[in-house]
Amino acid sequence: GAERLLLASWSLTQSYSWVLRLQLDPFPWSHPGLSQVRTIAGLGNPNFLAMYLACLLPLVWSRSRGLALLGWVTVVRTATRGAQLAVIIVGVGGLLTQRRGLRQLALATALGILSWWGCQQWLLGNAPSESLAPSARRDSGSTRLLLWKSALQQSMEHPIRGVGPGNFGFEYLRNRPLEPENLRALQRCPEDPHSQPLFLLAEQGWPGLLLWLAWMGACLRGLWPQQKTSALCLSVLLLNGLTNAYPLSIWPLLFHWTTLTLPAETGPGSPRLRWWGLPVALALIWAGVYGWLFQRALWWEDEYRIWSRRARTSQEYQQWMQRRRANLERAARWCPPWFTVQQESYEFQFYLELLHPAAPSQVMHKSEQWALRRIDLQPANPYAWMSLAQVRERQGRWTEAVAVWQQTQQLDPRNPAVLFWLARAEFQAGQVDASQRHLRQSIEINSRNYQVYQLEAQIMIDRGRTWEGYWSWVQ
């Protein structure tokens, strides 16, 4: 029964990915350009889709060769190299353990490599040139190396306890290396180092990594004698995890394969185990339903925000803002404890859009309150400090805004946007020399931000350095 359910869900996910690729999807769930370049389906990310489809390919292969070949083509069309290599390695290893001769091994390996090469050429030939340029692939590899080095550095600084769950990205920003040019201007806080073992090592230290290795090793050992297909599926997932961290949607598969290794309970004690598991099952269902309702409310908040910005009259804008307020209040009632940070971020964004120097005192108070709550929950999060800095700016308290931007810059020193915002606040506060210094630092990190040159030109012209200001405008 479980295998049939896995096969059905796998087939539906793969089918939807092709519906999306052929532009037959009636719902605009994703950017059409991305969906044509890299297949993403309903998981919202080509890496996650490839990870899910690839780890179940051995199971599909054992039931239907044709469907498995179509799945392999889908995995290749995601342009995700980690999942493809994991399937090839486990496939070759599985053939070796079957001991059916080198001829079959060579034939299967040649077919896999040829199909992979053919799909890659098709992908590069039909995709927009700017989407999968060689430089983008090199930047992807170099960025992964930077993330892996940061994870190792964090593990050396915090070997026992790690940096704590959810703190990898903040520690990365605190010691942000010089990233590829096209990534320096992005407001990005990496959630993980694109490697599940390194992710555990950085956030939970060596004890967390060793427990993970013991868990996975015990699962593989328990599956291999009787459940070889499941063991191959788990092996693909583990190999893929070396270059990608697991999303939440993958963890049920890990729990499923873990339960297959548990001994079957027989005798008079089994009914007690069923009753004992009922509260746990109800708690998991409650958590899942509340989490789904909360995420659904946030999805509607994103939609309402887009529609409110398209409002043509103030009355229409007020109606959309009332819908947003009611929707956020529902989200607050459904918010599980582990989603508190996300909920407070949306609350702050709502009041920030209403905030201006002539705004009512209630809006002023609410925006400041939510910004301070974000800082209390995550004092090492530079984006939480950005929230308070934005509030101070819209309140016209520029000197206090400078102090908050300085704290943000300490938490994310290589962010060119933070340096620009700090320079802008310093200019408004009358600290012109410091503003020019931080503008130059921003340009050294990212030389493609025209707003930095505009502010620098304005400062130079105000100080009588007219020709230098004009040259900055030209740049």
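Author: Leaving aside residues up to four places away in sequence, Ala389 touches Ala401, Val404 and Trp405, where a contact means heavy atoms within 4.5 Å. This is a predicted model, in which local features need pLDDT of at least 70 and side-chain atom pairs count only at pLDDT 80 or more, while totals for chains, interfaces and linings use all residues. Residues are numbered from 1 along each chain as its sequence is written, and side-chain values use heavy atoms, with hydrogens and water left out.

Reader: Ok, and where does Ala389 lie, in which helix?

Author: Ala389 lies in helix H17, and helices here are DSSP runs of H or I with at least four residues, strands being E runs of at least two, numbered from the N terminus.

Reader: Is Ala389 buried or exposed?

Author: Ala389 counts as buried because its relative accessibility is 0%; buried means under 20% relative accessible area, exposed means over 50%, and partly exposed is in between, using a 1.4 Å probe and protein chains only.

Reader: How many residues apart in sequence are Ala389 and Val404, and what about in space?

Author: Ala389 and Val404 are 15 residues apart in sequence, and their C-alpha atoms are 5.4 Å apart in space.

Reader: Which residues are buried in H18?

Author: The buried residues of H18 are Ala401, Val402, Val404, Trp405, Thr408, Gln409 and Leu411. What covers them includes H9, helix H17 (382-394) and helix H19 (416-428).

Reader: How many residues does helix H18 have, and what does it reach from its first C-alpha to its last?

Author: Helix H18, residues 398-411, has 14 residues and reaches 20 Å from its first C-alpha to its last, close to the 20 Å expected at 1.5 Å a residue. The expected span is 1.5 Å times one less than the number of residues in the helix.

Reader: And what should helix H14 span?

Author: Helix H14, residues 314-334, has 21 residues and should span 30 Å at 1.5 Å a residue, which agrees with its end C-alpha atoms being 30 Å apart. Buried residues in H14 are Trp320, Met321, Arg324, Arg325, Asn327, Leu328 and Ala331.

Reader: Zooming out, how many helices and strands does the protein chain have?

Author: The protein chain has 22 helices and 0 strands, and buried residues make up 42% of its 475 residues. Among contacts between residues at least 6 apart in sequence, 62% join residues at least 24 apart.

Reader: At what angle do helix H3 and helix H11 pack?

Author: Helix H3 (residues 46-55) and helix H11 (residues 228-240) pack at about 155 degrees, with their axes 8 Å apart. That makes H3 roughly antiparallel to H11. The axes are lines fitted to C-alpha atoms, for helices over the stretch in contact, and angles run from 0 to 180 degrees between N-to-C directions; under 35 degrees counts as roughly parallel, over 145 as roughly antiparallel, 65 to 115 as roughly perpendicular and the rest as oblique.

Reader: Which residues meet there, in H3 and H11?

Author: Met51, Ala54 and Cys55 in H3 meet Cys233, Val236, Leu237 and Asn240 in H11.

Reader: New topic: how many salt bridges does the count come to?

Author: The count comes to 15 salt bridges, each being a side-chain nitrogen of Lys or Arg within 4 Å of a carboxyl oxygen of Asp or Glu. One of them joins the side chains of Arg309 and Glu353, at 3.2 Å from N to O. Arg309 lies in helix H13 (residues 270-309) and Glu353 in helix H15 (residues 340-354), so this pair ties together parts that are 44 residues apart in sequence.

Reader: Is Arg309 buried or exposed?

Author: Arg309 is exposed, with a relative accessible area of 58%, whereas Glu353 is partly exposed, at 22%.

Reader: Which residues are linked in a network of salt bridges?

Author: Glu301, Asp302, Arg305, Arg309, Arg324 and Glu353 are linked in such a network.

Reader: What about Arg174 and Glu171, how many residues apart are they?

Author: Arg174 and Glu171 are 3 residues apart in helix H9, which means that about one helical turn separates them, and their side chains meet in a salt bridge of 3.8 Å, N to O. Arg174 counts as partly exposed at 31% relative accessibility, while Glu171 is buried, with a relative accessible area of 15%.
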